[in-house]
Amino acid sequence: MKHLLSIAELTRADIEQVHKLTDSFAEVSRRSIPKVPALRGKNVVWLFYEDSTRTRLSFEQAAKRLSADTMTFSVGSSSVKKGESLRDTVLTIEAMGVDAIVVRHASAGVPWQIATWLDDRVSVVNAGDGWHEHPTQALLDSYTIREERGSLDGMHIGIVGDIKHSRVARSDVLAYTMLGAQVTLIAPPTLLPPSLEGWPVQVSHDLDAVLPTLDVAYLLRMQQERMTEYLVPSLREYTARYGLTLRRVDALRDDALVMHPGPMNRGVEISAEVADLPRSVIIDQVRNGVATRMAVLYLLLGQGADRVLDSDDITVPELQEVVG
Amino acid sequence: MDADDVRRAIWRMAHEIIERNHGLDGIVLVGLQTGGVGLADAFADALAEIDGTTSPVGTLDVAMFRDDIGIRPVLPEAVTDIPVDLDGAMVVLVDDVLFTGRTIRAALDALNSYGRPRSVQLAVMIDRGHRELPIRPDYVGKNLPTRRDEMVNVSPQGVDLGELVKS
């Protein structure tokens with residue numbers, strides 16, 4: 001793996017390899033000194049054109065636990081304000097000698113564009129591009145389900161809320177179905193993409209009807225700015241029909257999980273009490289996010305690691321017993 | 001070496017561990033992933049049989065502490081599991097084959113993350129030479145002169161020596 005740009009470009013084997021690695025890095029986080037020298041001397045730069053707190057902190061923590069050095073390119077107080085183009089910004093950062101660029105941008109496709117400008121030495125990680133993809137979120141979400149339930153095979157996962165504007169939903173749908181789960185999108189028609197052609201999903205507008213069949217209820221954040229676009233009549237109406245309240249949680253099976261990518265609007269898409277139930281693994285998602293991003297950074301920057309996937313060049317030795 | 005030879009070597013080294021440490025007080029066996037894990041369990045069984053006390057056994061994956069990350073494929077093989085605090089412990093690192101010594105160097109670094117052992121000793125089934133670092137074993141099953149391009153395979157069924165076959 002050279003870059004991590006999207007879930008769509010990965011295979012089931014790739015995702016499972018990341019999960020397996022994540023097990024090892026989760027153990028590192030539990031040590032009394034949770035730091036390993038694996039990426040000593042590597043330099044990672046955060047290039048965030050959109051606000052982000054948890055994703056950036058999570059990446060930062062992951063890089064530091066691997067002993068990589070990090071730099072932040074803060075768009076608000078930089079040459080971007082003076083009118084520098086994206087290409088010039090990226091080439092400038094590259095010339096300083098970085099090993100990876102973790103990018104978030106409001107426009108879909110920016111990570112691909114950046115990857116084509118860079119030479120082969122530099123890896124690009126997509127930390128969210130427009131409404132398109134957020135691959136590390138899908139890797140940590142699927143890891144969390146796997147950790148709780150052993151496997152995603154045969155699971156029924158409902159993604160509830162603003163699918164239309166959600167890069168998390170797009171990446172999650174791809175990852176979940178690749179790993180053998182069945183996905184149902186649950187939202188009012190105004191919050192679904194104009195076309196779902198080619199999406200391997202079912203669609204429902206009735207949360208109450210679907211809840212009893214779910215293994216995972218994955219709630220998306222109801223963004224306040226959608227109100228001004230008149231996509232839902234009011235937040236109260238949204239909560240009444242699609243909010244996961246204590247009453248609705250009773251309809252879930254006993255072993256069903258509640259997940260949320262954060263930040264939560266308690267009282268809108270999820271009630272305050274539900275967010276704190278034992279079945280809510282929202283904090284586990286955050287914890288697994290660090291280990292997942294360690295695995296991703298290690299796979300990309302611990303060069304040579306990808307060759308392990310290709311075992312053709314490993315020869316089988318002919319063994320003979322040692323005398324004595 | 002056949003299965004009996006391996007068993008006898010484990011038995012002898014277990015006695016040496018007890019002799020050197022005047023008992024098993026504070027001893028923690030740590031098997032290196034993946035070849036040392038089974039051996040560490042075998043040592044624990046032998047020690048328990050000889051001395052009547054059970055020693056804690058852990059496993060250690062040193063992939064993230066290796067100095068050849070970026071030079072060759074280095075992926076963790078399994079999750080590290082150290083069940084006890086290593087502060088003040090007498091750690092016996094267990095591996096199947098001692099070769100360049102780089103794995104052991106990485107293991108010494110990795111152990112630091114779990115505490116400060118009072119001492120660290122090294123037990124290996126096979127010492128095949130070709131050291132690249134100033135590291136020596138405390139307990140050896142068998143010294144086995146090898147060429148660099150040979151392979152050594154250790155299992156409970158015995159020890160095998162082979163050559164890499166160019167396909």
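Biologist: Let's start with chain A. How many helices and strands does it have?

Modeller: In this predicted model, chain A has twelve helices and ten strands.

Biologist: What share of chain A is buried?

Modeller: Buried residues are 44% of the 324 in chain A. As for contacts with a separation of 6 or more, 77% of them come from residues 24 or more positions apart.

Biologist: How is chain A divided into domains?

Modeller: Domain 1 of chain A takes in 12-134 + 285-304, and domain 2 covers 135-281. Their C-alpha centres lie 26 Å apart.

Biologist: How many residues are in contact across the two domains?

Modeller: On the domain 1 side of chain A there are 22 residues, in contact with 24 residues of domain 2. Helix 1 (12-30), strand 4 and helix 12 of chain A are the elements that each give two or more residues to the domain 1 side. Helix 12 of chain A gives the most there, with seven residues.

Biologist: Helix 12 of chain A again, then. Which strands does it lie across?

Modeller: Helix 12 (residues 282-301) of chain A lies across strand 1, strand 3 and strand 4 of chain A, and runs at about 150° to strand 4.

Biologist: What is the strand order in the four-stranded sheet of chain A?

Modeller: The order is 2-1-3-4, in an open sheet with parallel pairing. Strand 2 (69-74) and strand 4 (123-129) of chain A are the edge strands, each pairing on one side only. Neighbouring strands of this sheet are turned by 15° against each other on average, direction ignored.

Biologist: How many bridges are there between strand 1 and strand 3 of chain A?

Modeller: Five bridges, in the parallel sense, between strand 1 (residues 43-48) and strand 3 (residues 100-105) of chain A. A:Val45 has A:Ile101 in strand 3 as its bridge partner.

Biologist: Which strands pair with strand 8 of chain A?

Modeller: Strand 5 (residues 156-160) of chain A pairs with strand 8 in the parallel sense over four bridges, with A:Tyr218 as the bridge partner of A:Ile159. Strand 9 (residues 257-259) of chain A also pairs with strand 8 in the parallel sense, over three bridges. There, A:Val216 stands opposite A:Leu257.

Biologist: On to chain B. What is the strand order in its open sheet?

Modeller: It is 2-1-3-4-5, five strands with parallel pairing. Strand 2 and strand 5 (139-143) of chain B stand at the edges with a single partner strand each, so one side of each has no neighbour in the sheet. The twist averages 25° from one strand to the next.

Biologist: Which residue stands opposite B:Leu29?

Modeller: That is B:Val92 in strand 3 of chain B. Strand 1 and strand 3 of chain B run parallel and are joined by five bridges.

Biologist: And which residues of helix 3 of chain B are buried?

Modeller: In helix 3 (residues 102-111) of chain B, they are B:Thr103, B:Ile104, B:Ala106, B:Ala107, B:Ala110 and B:Leu111. Seen down the axis of helix 3 of chain B, these buried residues fall within an arc of 160°, so they line one face of the helix. They pack against strand 1 (27-32), strand 2 (57-60), strand 3 (90-98) and strand 4 (119-127) of chain B.

Terms used:
Residues numbered from 1 in each chain as written. Chains lettered and ligands numbered in written order. Predicted model: local features only at pLDDT ≥ 70, side-chain atom pairs only at ≥ 80, totals over all residues. Pairing = 2+ DSSP bridges. Buried ≥ 20, exposed ≤ 12 C-beta atoms within 10 Å, placed from the backbone. Arc of directions from axis to C-beta. Contact = placed C-beta atoms within 7 Å. Axes fitted to C-alpha atoms, helices over the stretch in contact; angles between N-to-C directions. Domains from an automatic or database assignment.
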